[in-house]
Amino acid sequence: MTEHTGKPQYEVAVIGAGPGGIAAGAKLRMSGIDDIVILERADDVGGSWHENRYPGIAVDVPSTTYQYSFARNPRWTRFFAYGPEVKQYHSDVAREYGLYEKTRFNSNVRREIWDDAGRFWTLHLDDGATVTARFLISAIGAFVRPKEDVGIAGAKSFRGKIQRPTSWDYDYEMAGKKVGIIGTGASAVQIVPAIAPEVGTLAVFQRTPVWSVPKPDFVVPEAMKRGLAVPGVSATINGAAFVAVDLLLRLVSQTPGRYFRPAAGKFDAWMIAGYRRYVRRVVKDPQTAAKLSPDFGVLAKRPTMSTGYLPAYNRDNVTLITDPIEKITPTGVRTRDGVLHKLDVLILATGYEVFSDPETYVPGTIVGRAGFDLAEFYREQGLQAYQSVSVAGLPNRWTLVGPYSWSGTSWHAFVETTADHAVRAITETRSRRADVCEVRPEVAAEYHQKIYERAEGVRYYLCELNGHVPTYYRNSQGDSTYVRPESFFTARRRTRKFPLDDYRYEAAAPAPAHQPEQARDSVRP
C-alpha cells in the first residue's frame, strides 16, 4: 500500500463516472477547478448505461428530459432512447468536457478515510493503491451495486446459464431455450418483451406485480429534431415537465395530513380499479390478468412504461408464475407448490443495493473526523444529510445522491443540483483560503428535523397506506428517505443557494493544540 504524506495528490476526487460523476466533473471544470481525478470502477464512463446492456434497455422518461442542461441533445433518434444511444450521449459529454483524461478506470474505491492531520481524504482501492484528495464528491448513484445475495436458497447451484442485467452475455445463444426470469422490476419489464419472441419458453417468476403503462415511443422525425435545436425549445419543454412534477410534490408535501390521508386512499383505489380494467383488456387470460394487477398505489413502487410487457403474456410460450420460490436447483426453480420448473437459462433481475437503505453502508468504509463512521451513524440515527449532500463529521465530502434527494424529476436535473451545491461549497472554501469545509452539526440537525416533518405525507403513503408492498422507496427502518418532500423548484433553489455560513471553514494553518474545540467552532472565518 502506498503511503502519502504532505499535500494530497489532487484537489478534488470524484467517485463514479456515471451521470452524476460526469455532471460533477463538468461543473468543476466550468468553475475553473482542473486538479481533479474521477475514479470509476468500470472500464468506461456512463455508469448504469455502461454496465447494463441487457435486451430492450431504454430510458423510461422522454429523451429530451434525460440530459444535462449544459449539454442538450437535439438529435435523439427516438422519443425514448435505447441504451446504446444514451451511453453514447454520456461518452460524448465526457469527451466534450475533457473528463476522459481525468478518469482512472478500473479503480474501485473500497474505503474513504479522512486524514485528520493532513486534512484530506485517503481513498483505498481494490488493488491496494491509495489516492488522496483535499475534497471528495461521491457520485456513486442510487443503485450502488447489484445484489450479490438474491435471497433464494440454492442460487449458486444452478448448472445452466445465468444471465444478469449488469453482465449480459450476448455470445450465448438463447433461441429456443427454456428461460426463466426472477423479478418483475424495471429491467424485467424491458427484458421480457425483448426476448419472448426468440426463446423457446419463458417463465416469469413474480413476487409483486408492477404498474406498466404503454410507452408512447416513436422515431423522432427530422422536423422535430430541427425544432429541438432551436435555442430555448428543449429547455421550455423540460421546464413544463418540471412544473408538473413540482405541483405533484407540493400537493404531497404541503397538504395537511387530515386532508391528504383520505384523498390518497381514494386516489389509490380509483387508480387500482382503473388499471385492473386496463389489464383485463390487454391480457386475454383472466387469471393471468388478475395476477398482473397490483393491489397497491401507483407511486408505491417504481412504475414502468412498456408497450410490450403486458401483451407478452398473450404469447403461448410465456408463463406467469406467482407461487413463491422454494429454492433454485441445479436444473431449474422449484416453487412451494412442489413444481420444478426446468430451465436452460436463469435471468436474475433481482435488483440493487440502493442508497436509501442503511444496510448499503458498510461499517469502516466511510470514516471521518475522530473515527466518525457513516454506516454506524445511519444505523443509529437514521439516514440524513444536510440538503441531501453533506453530513457533519465528514468534512470536505459531498454525495450527489443522498438521503431525501430524489425530487421526482429526471436524473440529470437533480444530480446537477447537488453537484452545484458541492462545487459552490468547494469554491467558497478556496476563496476563504481555507482547506476544510464542514456543515455545522446544529444546522444539519435542524435541517433534518424540518425535512422529516415535511415527509409526513410521503411516509404515510409509502409506509402505512402501502406498507404491505416491498419497495425500495421505503427502507428497513420504516422510513422513506428516497424522495425529497419538497417541490422541485424549492429543492433546487435551497440546494444551490444554501447559506454559505451553514458550513464551518477552517484556515489552512492548524489551530494551536491548546485552543478548545468549542472556541474554534464558534469562529466563522
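I take two strands as paired if DSSP finds at least two bridges between them. The model I am reading is predicted.

**Entry 1. The sheet around β15**

I looked up Arg-334 and found that its bridge partner in β16 is Leu-340. Strand β15 covers residues 332-335, and its antiparallel pairing with β16 runs over three bridges. I then traced the whole sheet: it is open, has three strands in the order β14-β15-β16, and is paired antiparallel. The edges are held by β14 (325-329) and β16 (340-342); each has a single partner strand, so one side of each lacks a neighbour in the sheet. On average, neighbouring strands here are turned by 20° against each other, with direction ignored.

**Entry 2. Strand β21**

I asked how many residues of β21 are buried. For this strand, residues 434-439, the count is six of six, and I note β21 as mostly covered. Strand β22 (residues 503-507) is joined to β21 by five bridges, and the two run antiparallel. Within this pair, I located Val-439 opposite Tyr-503 of β22.

**Entry 3. Helices α1 and α10**

I recorded helix α1 (residues 19-30) packing against helix α10 (residues 411-431) at an angle of about 40°, the axes being 9 Å apart. The two helices are therefore oblique to each other. The crossing of α1 past α10 is right-handed. On the α1 side the contact is made by Pro-19, Gly-20, Ala-23, Ala-24, Lys-27 and Leu-28. On the α10 side I listed Trp-411, His-412, Val-415, Glu-416, Ala-419, Asp-420, Val-423 and Ile-426. Sorted by class, the residues of this contact are nine nonpolar, two polar and three charged.

**Entry 4. Helices α7 and α12**

I next examined helix α7 (residues 257-282) and helix α12 (residues 456-465), which pack at an angle of about 50° with axes 11 Å apart. Helix α7 passes α12 in a right-handed crossing. From α7, the residues in contact are Phe-260, Arg-261, Ala-264, Gly-265 and Asp-268. They meet Glu-456, Gly-457, Tyr-460, Tyr-461, Glu-464 and Leu-465 of α12.

Most residues other than glycine have a negative phi. I noted Ser-388, whose phi is near 75°, as a positive value in a residue other than glycine. Asn-396 also has a positive phi, near 60°. Where do these residues lie? Ser-388 is in the loop between α9 (374-381) and β20 (397-399), and Asn-396 is likewise found in the loop between α9 and β20. Ser-388 has a relative accessible area of 1%, under the 20% limit, and is therefore buried. Asn-396 is buried too, at 0%.

**Entry 5. Glu-198**

Leaving aside residues up to four places away in sequence, I found Glu-198 touching Glu-173, Met-174, Ala-175 and Gly-176. I also looked up its separation from Ile-366, 168 residues apart along the chain: the C-alpha atoms are separated by 45 Å.

Terms used. Residues numbered from 1 in each chain as written. Predicted model: local features only at pLDDT ≥ 70, side-chain atom pairs only at ≥ 80, totals over all residues. Heavy atoms only, no water. Axes fitted to C-alpha atoms, helices over the stretch in contact; angles between N-to-C directions. Helix = DSSP H or I, 4+ residues; strand = E, 2+ residues; numbered from the N terminus. Parallel < 35°, antiparallel > 145°, perpendicular 65-115°, else oblique. Left-handed = near helix turned anticlockwise from the far one by under 90°. Contact = heavy atoms within 4.5 Å. Nonpolar A, V, L, I, M, F, W, Y, C, P; charged D, E, K, R; others polar. Buried < 20%, exposed > 50% of the residue type's maximum accessible area, 1.4 Å probe, protein only.
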